[in-house]
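I set out to record what surrounds the ligand, and then to look up the aromatic pairs and the backbone geometry. The entries follow in the order in which I made them.

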Amino acid sequence: MNTGDADHLTLYSYFRSSAAYRVRIALQLKGLTYDYVPVHLLRDGGMQFAEPFSSMNPHKLVPLLDDGGFQISQSLAIIEYLDEQFPQAPLLPKDAEGRARVRQIALAIACDIHPLQNLRVLKYLTGTLSLSENDKLAWLRHWLSRGLQALETDLSRSATRGVFCFGDHPTLADCVLVPQMFSAGRFGVDLAPYPTLRAVHAACEALEPIAAAHPARQPDAE
Ligand SMILES: N[C@@H](CCC(=O)N[C@@H](CS)C(=O)NCC(=O)O)C(=O)O
């Protein structure tokens, strides 16, 4: 098991990608250094569709992590891989119930909320279905708000919530929540109805490793 030197890690990322942002947070929290390879999702029709990236990840989505030649996509799989390979600053609780709870929060965002805001989905709405920009945004805000409201209710009632989604140390759940809050703000969702989510988000952003993963601080930020 590799527990320290991570000079061989390369992250294929796009500054604004929520899923890549999750992995950047995990890398930063663990204090891992990595090479950053930007994959511009819009330029020339999208570099995710061009070689060499499209062969490395046939799903044509960022992020992709390369660990000394081992390549893995899917942000949650990447974060759990990092957590097992680099146990410092663990991102999952030690007990089964805690792990289940953290994964539940992370998956509620990654499976039920985030996919609807993905670029290819939004492009289909305005392209193939000819929705106006306003209708697309109304559709998106509807689904993001519903997802965030459910999460707000869930977290506000949670006995295991602390400063962060679970307890007083950031976990996988926070790695996923922070980018979702960023995206919701970017898409003009009113975040006022979600005080619990906003408080956790603010606590996360106050940590330098999480702040360092912010889109605006990436080499490809525009
Ligand atoms: N479930 C995947 C989602 C990855 C994903 O949706 N990536 C987006 C950026 S956040 C992407 O690459 N979109 C490119 C496109 O839609 O063409 C993960 O967690 O890694």
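This is a predicted model: local features need pLDDT of at least 70, side-chain atom pairs count only at pLDDT 80 or more; totals for chains, interfaces and linings use all residues.

**Ligand contacts**

An N or O atom in the side chain of Gln74 lies 2.8 Å from a nitrogen atom of the ligand. I then looked up the ligand's area: taken alone, the ligand exposes 520 Å², and the protein buries 90% of that.

I noted two further contacts. A polar backbone atom of Val62 is 2.8 Å from a nitrogen atom of the ligand. For Arg22, a polar side-chain atom lies 3.1 Å from an oxygen atom of the ligand.

Helix H1 (18-29) and helix H5 (119-126) are the elements that give two or more residues to the shell around the ligand. H1 gives the most, with three residues.

I found 16 residues around the ligand, the closest being Gln48, Val62, Gln74, Ser75 and Asn118. By class, the shell divides into seven nonpolar, seven polar and two charged residues.

**Backbone entries**

The peptide bond from Val62 to Pro63 is cis, with omega near 10 degrees. Pro63 is placed in the loop between H2 and strand E3 (64-67). Gln74 is not a glycine, yet its phi is positive, at about 75 degrees. I located Gln74 in the loop between strand E4 (70-73) and helix H3 (75-85).

I checked these entries against the general rule: most residues other than glycine have a negative phi, and most peptide bonds are trans.

I recorded another cis peptide bond, between Glu51 and Pro52, with omega about 5 degrees. Pro52 is in the loop between strand E2 (35-38) and H2. Ala89, also not a glycine, has a positive phi of about 50 degrees. I placed Ala89 in the loop between H3 and helix H4 (96-113).

**Aromatic pairs**

How many aromatic pairs are there? I counted four aromatic pairs. One of them, Tyr12 with Phe53, is tilted, at 6.0 Å centre to centre with 45 degrees between the planes. Tyr12 belongs to strand E1 (residues 9-13) and Phe53 to helix H2 (residues 53-56), so this pair ties together parts that are 41 residues apart in sequence.

Technical notes:
Residues are numbered from 1 along each chain as its sequence is written. Side-chain values use heavy atoms; hydrogens and water are left out. A residue is near a molecule or strand if one of its heavy atoms lies within 4 Å of it. A polar contact is a pair of N or O atoms within 3.5 Å; within protein, one must be able to donate a hydrogen and the other to accept it, and residues adjacent in sequence count only if both atoms are side-chain atoms. Accessible areas come from the Shrake-Rupley method with a 1.4 Å probe; for residues, only the protein chains shown count as cover. Helices (H or I, at least four residues) and strands (E, at least two) are DSSP runs, numbered from the N terminus. Ala, Val, Leu, Ile, Met, Phe, Trp, Tyr, Cys and Pro count as nonpolar, Asp, Glu, Lys and Arg as charged, and the others, Gly among them, as polar. Rings of Phe, Tyr and Trp (its six-membered ring) pair if their centres lie within 6.5 Å; planes under 30 degrees apart count as stacked, over 60 as edge-to-face and the rest as tilted.
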